[in-house]
Amino acid sequence: GDNFFPLIRDCCTNLRELILSRQRQSRATKDLDAIPSILNKFSHSLRVFILDSRDLSFTQKVAKEIQRALSNCDKLECLKLESEESPYSHWCNSRYRVNVKKLMMTLRRSSKYKTIIRNINRCFNPDVKIELFYDTYVDIDNHKHAFFSQGPVMGGGENTVSQETRNFEAQEVGGNFYKLMAEFGPKVERLSAETDIRPEYFHMMFPNINSLEMFA
């Protein structure tokens with residue numbers, strides 16, 4: 001599989017869709033640095049680009065080159081760019097503007113989600129439509145927890161979890177989080193949420209959704 005990407009770059013013409021998906025624990029290719037050159041070659045024909053690597057993170061150098069190449073694609077209609085079930089490594093410090101009609105992405109509250117939102121707001125066209133998978137659970141010691149509303153902490157068990165989640169949610173109280181979501185939320189049209197939060201909450205955060213799927 002080490003020559004797979006150069007083969008696409010050198011042999012294909014007028015490529016319109018490129019979908020690259022790597023399953024967990026599958027063999028890793030060594031030529032990821034060829035992806036930006038593929039995007040550059042087909043910058044005027046590519047409509048769909050999906051790069052989803054389940055357990056392989058990209059280096060910052062390769063991720064930045066992919067961002068730069070995507071900024072040159074002028075007919076892009078659908079984009080998904082994730083590794084390790086998160087777009088973080090691709091959009092943690094981007095400086096390139098990408099124009100696309102639809103962005104498919106994952107957002108997990110326990111995984112640098114405010115940094116991701118900030119960079120999505122900065123790096124994409126204002127009229128982008130987002131198809132979002134949103135995991136609202138808080139990850140504490142590799143276990144998912146919802147927000148508990150019982151009384152003051154007495155020590156141990158659920159009360160400990162309650163204080164941890166309260167501390168987490170307290171970070172969202174403030175103008176900075178509101179500004180991020182006020183810009184990001186209206187762009188979301190399709191929402192799939194792993195959550196125990198009531199639908200009214202999502203209606204306020206994502207006022208323009210036309211499709212909502214919720215599961216716990």
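This report describes the overall make-up of a predicted protein model and then some of its residues.

## Basis of the model

Because the structure is a prediction, local features are given only where pLDDT is at least 70 and side-chain atom pairs count only at pLDDT 80 or more, while totals for chains, interfaces and linings use all residues. Residues are numbered from 1 along each chain as its sequence is written, and side-chain values use heavy atoms, with hydrogens and water left out.

## Overall make-up

The protein contains 8 helices and 9 strands, where helices (H or I, at least four residues) and strands (E, at least two) are DSSP runs numbered from the N terminus. Of its 216 residues, 44% count as buried; buried means under 20% relative accessible area, exposed means over 50%, and partly exposed lies in between, with a 1.4 Å probe and protein chains only.

The accessible surface comes to about 11,700 Å², and 50% of that belongs to carbon and sulfur atoms; the areas come from the Shrake-Rupley method with a 1.4 Å probe, and for residues only the protein chains shown count as cover. Among contacts (heavy atoms within 4.5 Å) between residues at least 6 apart in sequence, 70% join residues at least 24 apart.

## The nonpolar core

A nonpolar core is a set of buried Ala, Val, Leu, Ile, Met, Phe, Trp, Tyr and Cys residues joined through side-chain atoms within 4.5 Å. The largest one here has 50 residues, and those with the most contacts inside it are I35, F49, L79, F124, L132, F184 and F206. Helix 5, residues 113-123, supplies the largest share of this core, with 5 residues. Leaving out residues up to four places away in sequence, L79 touches F49, L70, W91, V98, V100, K102, L103, M104 and F124.

I117 is found in helix 5 and is buried, with a relative accessible area of 1%. Residues up to four places away being set aside, I117 touches L107, L180, M181 and F184. I117 and F184 are 67 residues apart along the chain, yet their C-alpha atoms are separated by 6.7 Å.

## Aromatic pairs

Rings of Phe, Tyr and Trp (its six-membered ring) pair if their centres lie within 6.5 Å, and planes under 30 degrees apart count as stacked, over 60 as edge-to-face and the rest as tilted. By this rule there are 7 aromatic pairs. One of them joins Y134 and F206 edge-to-face, at 5.9 Å centre to centre and with 85° between the planes. This pair links distant parts of the chain, 72 residues apart, with Y134 in strand 5 (residues 129-135) and F206 in the loop between helix 8 (199-205) and strand 9 (211-215).

Y134 is buried at 1% relative accessible area, and F206 is buried at 0%. Y201 and F202 have ring centres 5.5 Å apart and planes at 75°, so this pair is also edge-to-face. Y201 is partly exposed at 25% relative accessibility, whereas F202 is buried at 0%. Ring pairs link Y134, Y201, F202 and F206 into a cluster.

## Two residues in loops

K187 lies in the loop between helix 7 (175-184) and strand 8 (188-194). Its neighbours within four places in sequence aside, K187 is in contact with N121, P126, V128, K129 and I130.

N14 is in the loop between helix 1 (4-11) and strand 1 (17-22), and counts as exposed at 63% relative accessibility. Although N14 is not a glycine, it has a positive phi of about 50°.
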